[in-house]
Amino acid sequence: MLCPLSPVTHLGRSLNTRILSQRTSLSTSNCFRRISSNSPAPVGVERALQASKNPSNESTLFTREFSLADRVALISGARRGIGLEAAFTLAEAGARAVYCVDLAQDPGEEWTKVREFATRMGLGSVHYVQGDVRDQAQMWKVGETVGDREGRLDVCVAAAGILGGNIPSLEYTGQTFQDVVDVNLKGVLFTAQAAGRQMVRLEQGGSIIMIASICGSVAVEPTIFDVAYHAMKSGVLQLARSMACELGPKGIRVNTVSPGFVRTR
Ligand SMILES: NC(=O)c1ccc[n+]([C@@H]2O[C@H](COP(=O)([O-])OP(=O)(O)OC[C@H]3O[C@@H](n4cnc5c(N)ncnc54)[C@H](O)[C@@H]3O)[C@@H](O)[C@H]2O)c1
C-alpha cells in the first residue's frame with residue numbers, strides 16, 4: 001500500500017515522496033523505516049504538527065539554527081568599517097570569540113571602544129590580530145593559531161578591501177591594478193583559506209562570507225573610476241561560487257555580500 005506521507009517540507013522528502021509513491025508494493029513498516037532513516041528532523045509548520053502536547057522545552061529556530069553560541073569567528077579588515085560592524089554583530093549574536101585581523105599594529109580607539117562595550121555587555125571575547133591579507137603564509141598561521149586555541153573556527157568574514165583610487169581606466173597603471181588584485185582578490189582567497197583549512201581540519205564545517213560590492217555586478221552611475229576595484233569585486237563573486245561548490249560537500253558554505261554605498265569612518 002502507499003505510505004501515509006505527511007506534507008512535503010524538504011527537498012529530500014520531496015524526493016522520497018516521489019520514489020515511494022512509485023513503489024506501490026512497499027509495506028507500511030518498510031516505508032516508515034525508510035523515511036525515518038533518510039529524513040531530517042521536521043522543521044517549521046511540519047515540526048509544529050508533529051510536536052508533543054507540551055513543547056515548552058523545545059528550542060526555537062533562533063536558539064538552535066541561527067544561534068552563534070560557542071561559535072568562533074575570524075574577520076579581516078575588522079579594525080573599522082564594515083569589518084568591525086560584522087565583528088560586533090557576531091559578538092552580539094552570541095559568538096564565543098571573534099578575531100579581528102587588520103594591518104595596523106595598534107587596534108586604535110574605535111576598535112578598543114567597541115571591545116570595551118562588548119565586554120561590559122558580557123558578550124564573548126573580541127581579539128585584535130595584526131595581519132596582512134596579502135601574506136598567504138601569515139594568514140594561514142593566523143587561522144591555525146585560532147583553530148588550535150579555540151578548537152573550532154566557524155565563521156569567516158573577508159572584509160579587508162581597498163580602492164585603487166579615482167583613476168580613469170585609460171590612465172590606470174599596472175602597479176595600481178596589481179595592488180588592488182593583491183588585497184581585494186588574493187587577500188580574500190587567503191582569508192577564506194585561513195579559515196577554511198581549519199574548518200576542514202576540525203571537521204565542524206562553517207560559513208565563509210566574502211564582502212564583494214554592487215560594483216562587482218553592475219556599472220553604477222555616478223561612480224568612481226576604478227576598473228581594478230570593479231573587476232576584482234566581480235572576481236570575488238566567482239571565487240565564492242567556485243569555493244562554494246568545492247567546499248559545500250565538506251559542510252562549508254561560501255557566500256558573498258554585495259553592499260551598495262556605505263558611509264564608514
Ligand atoms: N563602504 C562601502 O561603501 C562599500 C561598498 C561596497 C563594498 N565595500 C567593501 O566592504 C569591505 C569593507 O569596506 P569598508 O568601507 O569598511 O572599508 P574601510 O576602509 O573602512 O575598512 C577596510 C579595512 O581593511 C583593512 N585593510 C586594508 N588592506 C588590508 C590588508 N592588506 N590586510 C589587512 N587589512 C587590510 C584596512 O586597514 C581597514 O581597516 C571592503 O572589501 C569594501 O570593498 C564597501
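## The ligand shell and the fold around it

By class, the residues that form the shell around the ligand are eleven nonpolar, eight polar and five charged. The model in which this shell is seen is a predicted one. The shell holds 24 residues, and those that come nearest to the ligand are G77, G81, I82, G161 and S213. Two elements give two or more residues to the shell, namely α5 (81-92) and α8, and the largest share, three residues, comes from α5.

The chain as a whole has nine helices and six strands. Of its 265 residues, 32% are buried. Among the contacts with a separation of 6 or more, 72% are between residues 24 or more positions apart.

In soluble globular proteins, nonpolar side chains tend to be buried together. In this chain the largest nonpolar core has 56 residues, and the members with the most contacts inside it are I75, A87, V98, C100 and M210. Helix α8, which covers residues 174-201, provides the largest share of this core, nine residues.

The crossing in which α7 passes α8 is right-handed. On the α7 side the contact is made by Q136, M139, W140, V142, G143, E144, V146 and G147, while on the α8 side it is made by F190, T191, Q193, A194, A195, R197, Q198 and R201. Sorted by class, the residues of this contact are seven nonpolar, six polar and three charged.

| Residue | Other C-beta atoms within 10 Å | State |
|---|---|---|
| A240 | 22 | buried |
| D70 | 14 | partly exposed |
| E203 | 9 | exposed |

A240 is found in helix α9, which covers residues 227-247. A240 counts as buried because 22 other C-beta atoms lie within 10 Å, and 20 or more are needed for that state. The C-alpha atoms of A240 and V188 are separated by 9.6 Å, although the two residues are 52 residues apart along the chain.

The other two residues of the table are of interest for their backbone. Most residues other than glycine have a negative phi. D70, by contrast, has a positive phi, near 70 degrees, and is not a glycine. D70 is found in the loop between α4 (61-64) and β1 (72-76), and with 14 C-beta neighbours inside 10 Å it counts as partly exposed. E203, which is likewise not a glycine, has a positive phi of about 55 degrees. E203 is found in the loop between α8 and β5 (206-211), and it is exposed because 9 other C-beta atoms lie within 10 Å, where 12 or fewer give that state.

Key:
Residues numbered from 1 in each chain as written. Predicted model: local features only at pLDDT ≥ 70, side-chain atom pairs only at ≥ 80, totals over all residues. Helix = DSSP H or I, 4+ residues; strand = E, 2+ residues; numbered from the N terminus. Contact = placed C-beta atoms within 7 Å. Core = buried A, V, L, I, M, F, W, Y, C linked by C-beta atoms within 7 Å. Left-handed = near helix turned anticlockwise from the far one by under 90°. Nonpolar A, V, L, I, M, F, W, Y, C, P; charged D, E, K, R; others polar. Near = placed C-beta within 6 Å.
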